[in-house]
Amino acid sequence: MIEPSDELFQSMKKAQSLFHFFKDGELVDIPRYFTLYKAAEGEIIWNEGEHCDYMTFIVSGSLEVKKETEFKGRHITLAIYGAGSIAGELCMLDHQPRAVTATAIEEVRLLLLSSDMFERLLEEHPRLGIKLLKGILLSTSTRLRKSFDRLVTVF
């Protein structure tokens with residue numbers, strides 16, 4: 001794992017709504033709070049029920065997010081998240097175990113934000129932390145609205 005560059009965040013700001021709340025120059029202080037991680041196809045990023053101590057921002061590639069059903073060993077795919085998506089944010093906010101299993105369905109590059117670094121960012125740069133939280137909230141609410149639409153088609 002390595003520390004990501006400012007250039008990576010600048011390119012993500014242009015390509016992803018998650019970082020659009022940041023003004024030019026504000027992302028300079030952000031990279032030191034994140035770690036860049038590359039996962040191979042098929043690698044499990046986390047399992048349902050595990051302790052949650054980080055969330056991910058997908059730089060490239062995609063993740064499958066699935067949940068175990070009432071039938072032991074059977075899963076249902078809830079979503080496929082690609083570049084620009086976040087995953088793992090729910091348990092970061094509610095401090096509950098992982099609700100789903102996340103697996104790389106192709107090579108994926110992830111920005112990891114640990115709970116410790118998230119807290120540190122909020123303490124050291126509260127305005128930047130609020131902007132990041134706005135982006136997370138926007139992403140999560142967009143995903144929730146899409147799930148409402150999918151549920152309606154099922155019934």
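Is Y54 buried or exposed? In this predicted model, Y54 has a relative accessibility of 19% and therefore counts as buried, the cut-off being under 20%. The surroundings of this residue, and then the rest of the fold, are described below.

A search of the whole structure for aromatic pairs returns two. One of them is formed by F34 and F57, whose rings lie 5.3 Å apart from centre to centre with 70° between the planes, an edge-to-face arrangement. F34 belongs to the loop between α1 (6-15) and β1 (35-39), while F57 is part of strand β3 (residues 54-60), so the pair ties together parts that are 23 residues apart in sequence. Both partners are shielded: F34 is buried at a relative accessible area of 2%, and F57 is buried at 0%. The rings of W46 and Y54 also form a pair, with centres 5.8 Å apart; because their planes stand at 75° and angles over 60 degrees count as edge-to-face, this pair is edge-to-face. W46 is buried as well, with a relative accessibility of 3%.

The charged end of R98 sits over the ring of W46 at 3.8 Å from the ring centre. The charged end of R98 also sits over the ring of Y54, where the distance to the centre is 4.7 Å.

The largest nonpolar core holds 25 residues, and the members that touch the most others are F19, I30, F34, F57, L111, L113 and L132. At least two residues of this core come from each of α1, β3, α2, β8 (108-114), α3 (115-124) and α4 (126-154). With residues up to four places away in sequence left out, I30 touches F9, F22, L121 and L128. Another core lies apart from the largest one and comprises 16 residues, including A39, Y54, A79 and Y81.

E89 lies in helix α2 and is buried, with a relative accessible area of 3%. The side chain of E89 is joined to that of T140 by a polar contact of 2.9 Å. When neighbours within four places in sequence are set aside, the residues in contact with E89 are M55, I136, T140 and R143.

Strand pairing was then considered. Strand β4 (residues 63-68) pairs with strand β5 (residues 75-81) in the antiparallel sense, over six bridges. Within this pairing, K66 has T77 of β5 as its bridge partner. The hairpin of β4 and β5 has six residues between the strands, and G73 in that hairpin takes a positive phi near 85°. β4 is also paired with β7, again in the antiparallel sense, over four bridges. Here E64 stands opposite T103 in β7.

A positive phi is also found at a residue other than glycine. H95 has a phi of about 60° and is located in the loop between α2 (89-94) and β7 (101-104). With a relative accessible area of 64%, H95 is exposed, in contrast to the buried E89.

Definitions and conventions: Residues numbered from 1 in each chain as written. Predicted model: local features only at pLDDT ≥ 70, side-chain atom pairs only at ≥ 80, totals over all residues. Heavy atoms only, no water. Buried < 20%, exposed > 50% of the residue type's maximum accessible area, 1.4 Å probe, protein only. Phe/Tyr/Trp six-rings, centres within 6.5 Å; stacked < 30°, edge-to-face > 60°. Lys NZ or Arg CZ within 6 Å of the ring centre and 35° of its normal. Polar contact = N/O pair within 3.5 Å; in protein donor to acceptor, adjacent residues only side chain to side chain. Contact = heavy atoms within 4.5 Å. Pairing = 2+ DSSP bridges. Core = buried A, V, L, I, M, F, W, Y, C linked by side-chain atoms within 4.5 Å.
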